[in-house]
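Biologist: Hi, I'm new to this one. Could you put it up on the screen and walk me through it?

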Amino acid sequence: MQSAKVSEALAQVASSQNPETMLEAIIFNIKNLSSPTTIAADLTAIADAIIVLPYGIVAKRTVLDKFISTLRSFENYDVWVEVGQNILSFIASNTTASSSLLDQAAAVRELIATGHEGNEDFADAAKVLSEIPLDSSQRRVSDAEKVKIWIRIVRNYLEVDDSTAAESYLNKLKNVMHTIDDPELNLHFKLSAARIQDSKRQFLAAAQSYHDISVSPVIAEEERLHTLSMAIKCAILAPAGPDRRKVLGRLYKDDRAAGLEEFGILEKMFLDRLLAPAEVDKFAQGLQPHQLARTSDGSTVLVKAVVEHNLLGASRLYSNIGFDELALLLGLGRNADKAEDTTARMIEQGRLAGRIDQIDRIIWFEGGETSREKGSGHAELTVGKEMRRWDANVQALAEELEQLTNSLQAEFPVFVERQLAA
């Protein structure tokens, strides 16, 4: 409901020869003319008058700028959203205003987005910001302004775990970030990239990105420790293997890590020690929902990472182990098939050096580091000692036959040529 004082003042504006001056006076005195219960309706009526009344477009821009500044001063998220949306409707319904008040419409959208962010309606905030024209020929926008808007959109989408939409705007940022010297904007870009990698379960890349951010002097010490903690969590969740070990080593040697809760499990993983279920459960309490999501085989990301780590730990303790015994050691119960599948996958991906004897149901660990190349983990489907001996004999016979052929070629070239021709 609109207040009587504002209604009366606007009625006088409509018949005035100088409406912009009277509108500015109303805007200046709005807190005296209105009340908390009528402020939204009063501001909406004033905005409508600014846009609808017939006077110069330059004056409209000036008055509307002052109105937006006054609207912002109320610091009421709901009022920002309600009044801002009405302003956009008024502008859209007025042909002249829609093409001449582009800067003012953009400012209103930013204010509406801030209101949505304050109310934690992050998806709505991202949608409103995405409607701001940044590539229009009618409105020139600098790269820095584009980056500010796109980073806000990315961060809002990440708040609702929409990494796909966030990544689409991050890709736009990649094309212009080289032109931006602002340390804060560059930091937000790096942090957004790390959060997207984290959300998409690219944990190894995320760990490296978080760690790089954690040494930035731009952020406070508390924030640096938080990003270091995130780096450790992502490194622990990453697939076990030489690449992860390198990242774990970098984090383990960071002097600040010893003061974090995650240091205990970080140390055990770096030193290839087996993890107990109680340690894993305690670590899981500090993870985010997407980091506890289930994979295609029904297990969580954390469980899969721990199983692979313990398998690497077992490879340091044993030269060979049976399928059933390995399953018990990895906490898989009697699921020997899963223990075999995990081992075969890690061998095939070059993350574990060893071979599998499916006949005797034994895994042989070869120790040392793999070459990290796919298929370089020496995965072999052996069928017993006799078959391996037979393969070696066949290889030796082939080599001897080749040597004999070469000797005949050298001693009796004519004879060999006739035999080959026949």
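Biologist: Which residue forms a salt bridge with Glu117?

Modeller: That's Arg152, with the closest N and O atoms 3.0 Å apart. A salt bridge here is a side-chain nitrogen of Lys or Arg within 4 Å of a carboxyl oxygen of Asp or Glu. Keep in mind that this is a predicted model, where local features need pLDDT of at least 70, side-chain atom pairs count only at pLDDT 80 or more, and totals for chains, interfaces and linings use all residues. Residues are numbered from 1 along each chain as its sequence is written, and side-chain values use heavy atoms, with hydrogens and water left out.

Biologist: Where do Glu117 and Arg152 sit?

Modeller: Glu117 is in helix α8 (residues 102–118) and Arg152 in helix α10 (residues 143–159), so the pair links distant parts of the chain, 35 residues apart. Helices are DSSP runs of H or I with at least four residues, strands are runs of E with at least two, and both are numbered from the N terminus.

Biologist: What about Arg224, which residue does its side chain meet in a salt bridge?

Modeller: Glu221, at 2.6 Å from N to O. Both are in helix α14 (residues 221–237), three residues apart, which puts about one helical turn between them.

Biologist: Is Arg224 buried or exposed?

Modeller: Arg224 is buried, with a relative accessible area of 18%, while Glu221 is partly exposed at 39%. Buried means under 20% relative accessible area, exposed over 50%, and partly exposed in between, using a 1.4 Å probe and protein chains only.

Biologist: And Glu279, what does its side chain pair with?

Modeller: Lys268, in a salt bridge of 3.0 Å from N to O. Glu279 lies in helix α17 (residues 277–284) and Lys268 in helix α16 (residues 263–270), so the bridge ties together parts 11 residues apart in sequence.

Biologist: How many salt bridges turn up in the whole structure?

Modeller: A search finds 17.

Biologist: Switching topic, how many helices and strands are there?

Modeller: The protein has 22 helices and four strands. It is more spread out than a compact globule, because its radius of gyration is 34 Å, well over the 22 Å that the globule rule gives for 422 residues. That radius is taken over C-alpha atoms, and the rule is 2.2 Å times the number of residues to the power 0.38.

Biologist: What box do the C-alpha atoms fill?

Modeller: Roughly 115 × 65 × 35 Å, taken along the principal axes.

Biologist: And what share of the residues is buried?

Modeller: Buried residues make up 44% of the 422.
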